[in-house]
Amino acid sequence: MMMQLPTQIPLNISNLSKSELKELIQAQGELQQDLFRQAREVRQQAGVDEVLLRGVIEISNYCQKNCDYCAMRAANPKLNRYRMSAEEILEIADQIAQTDISILFLQSGQDPQSDSIVEEVIPEIKRRYNFPVLLCMGERPHKVYQKFAQLGADSYILKFEISDPQLHREIIHGTLKKRLQCLRWLQEAGFKVGTGNIVGLRGQTLDHLVEDILLALEIQPNFVSSSPFIPNQDTPLEDVGYGNLDYTLNTMAIYRIALKTPLIPTVSALEKIQPDGQLMGLNAGANVMTINFTPPEYREKYAIYSKKRFIVSLDHALNTIQRAGLRLKVLS
């Protein structure tokens, strides 16, 4: 018998059994549309119904990690590496400041040599533009997170990716315990924290996806994402197919209903899998889009998904937001 969702009272995710959560992850047809409707209603009731734009600068593709899904892994000798200077980053920040984008997002591989550059640009960005600064730079020592926060960085994304400790070790070649420790350090340093999972990794089961959701609820993040796996050239997982789009969208909707207020991005990987994938993400409860400002000569080397990843432009984002019937959020 197909699960039925309440028509008036929002679904209480915390009261569901693991088997019920598994059914929601697999939802299709009427059940899926009810799930998405409730996600949109919760987004509106929680006062987070406007879409926030982030401008990302991908500052370095050096990485210490060897995640099996990523071509920026340290063991990939085919990738031409780069690391942007502080001057280059600030020049691009000036371009972002001319738009309606509300958050400056600095992203890199796990590259400790970029730390000093970031420490130089954070206070300058705050002084010039008073932008909220979002970082995504991997696992760092506690004191580095504290330094970033003291300099004015506001938020940090560190996805757990996979909640199963054994699968995490096999694919990410690190421990889930270390990843969760870093998330605690970030919260202790005063950051708004983002995390999330990948859907469709080799060996992943529906039970793993249920545990992903439960871990995200335990962390209580300020931002949370679900991203479909995209096979990447020159990686151990390059022959694995795309992650399941419906499972990803359903997970996003569950996150919205359960956590209510977090920023939830509709990621570019959704658009890579299917045209209008990011529109589908907004209709499943998302409220963030990230615009890519990395210069083309660096962008093609930032091999986070694939050499032919979908690059989100400002025009594409504004059009998608309009088609979803939503408004752009502008920070005052």
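A salt bridge is here a side-chain nitrogen of Lys or Arg within 4 Å of a carboxyl oxygen of Asp or Glu. The model is predicted, so local features need pLDDT of at least 70 and side-chain atom pairs count only at pLDDT 80 or more, while totals for chains, interfaces and linings use all residues. Residues are numbered from 1 along each chain as its sequence is written, and side-chain values use heavy atoms, with hydrogens and water left out.

Side chains of opposite charge can pair when their charged atoms come close. The whole structure holds 19 salt bridges. One of them joins Glu119 to Lys147, with the closest N and O atoms 3.6 Å apart. Glu119 belongs to helix α4 (residues 115-129) and Lys147 to helix α5 (residues 142-151), so this pair ties together parts that are 28 residues apart in sequence. Helices (H or I, at least four residues) and strands (E, at least two) are DSSP runs, numbered from the N terminus. Glu119 is partly exposed, at 22% relative accessibility, and Lys147 is partly exposed at 35%. For these classes, buried means under 20% relative accessible area, exposed over 50%, and partly exposed in between (1.4 Å probe, protein chains only).

A second pair, Lys22 and Asp207, brings its closest N and O atoms to 2.8 Å. This pair links distant parts of the chain, 185 residues apart: Lys22 lies in helix α1 (residues 18-25) and Asp207 in helix α8 (residues 206-219). Lys22 has a relative accessible area of 25% and is partly exposed; Asp207, at 44%, also counts as partly exposed.

Glu139 and Lys178 form a further salt bridge, in which the closest N and O atoms are 3.9 Å apart. Glu139 sits in the loop between β3 (133-136) and α5, and Lys178 in helix α7 (residues 176-188), so the pair connects parts that are 39 residues apart in sequence. Glu139 is buried, with a relative accessible area of 9%, whereas Lys178 is partly exposed at 36%. Both residues belong to a network of salt bridges that links Lys65, Glu139, Lys178 and Arg179.

The nonpolar interior comes next. In soluble globular proteins, nonpolar side chains tend to be buried together. A nonpolar core is a set of buried Ala, Val, Leu, Ile, Met, Phe, Trp, Tyr and Cys residues joined through side-chain atoms within 4.5 Å. The largest such core has 106 residues, and those with the most contacts inside it are Leu24, Tyr69, Leu135 and Phe148. Apart from this core lies another, of 10 residues, among them Phe105, Cys136, Ile157 and Leu263.

Contact means heavy atoms within 4.5 Å. Beyond its neighbours within four places in sequence, Leu24 touches residues including Met3, Leu5, Asn250 and Ile254. Ser155, in strand β4 (residues 155-157), is buried at 5% relative accessible area. Its contacts, with neighbours within four places left aside, are Val133, Leu134, Leu135, Phe191, Lys192 and Phe223.

Asn250 and Ile254 are among the buried residues of α9. This helix (residues 245-259) has 15 residues and reaches 21 Å from its first C-alpha to its last, close to the 21 Å expected at 1.5 Å a residue; the expected span is 1.5 Å times one less than the number of residues. Helix α9 is mostly covered, with 12 of its 15 residues buried. At its start, a side-chain oxygen of Asn244 comes to within 2.9 Å of the backbone nitrogen of Asp246. Just after α9, Lys260 adopts a positive phi of about 70 degrees.

Notes: Polar contact = N/O pair within 3.5 Å; in protein donor to acceptor, adjacent residues only side chain to side chain.
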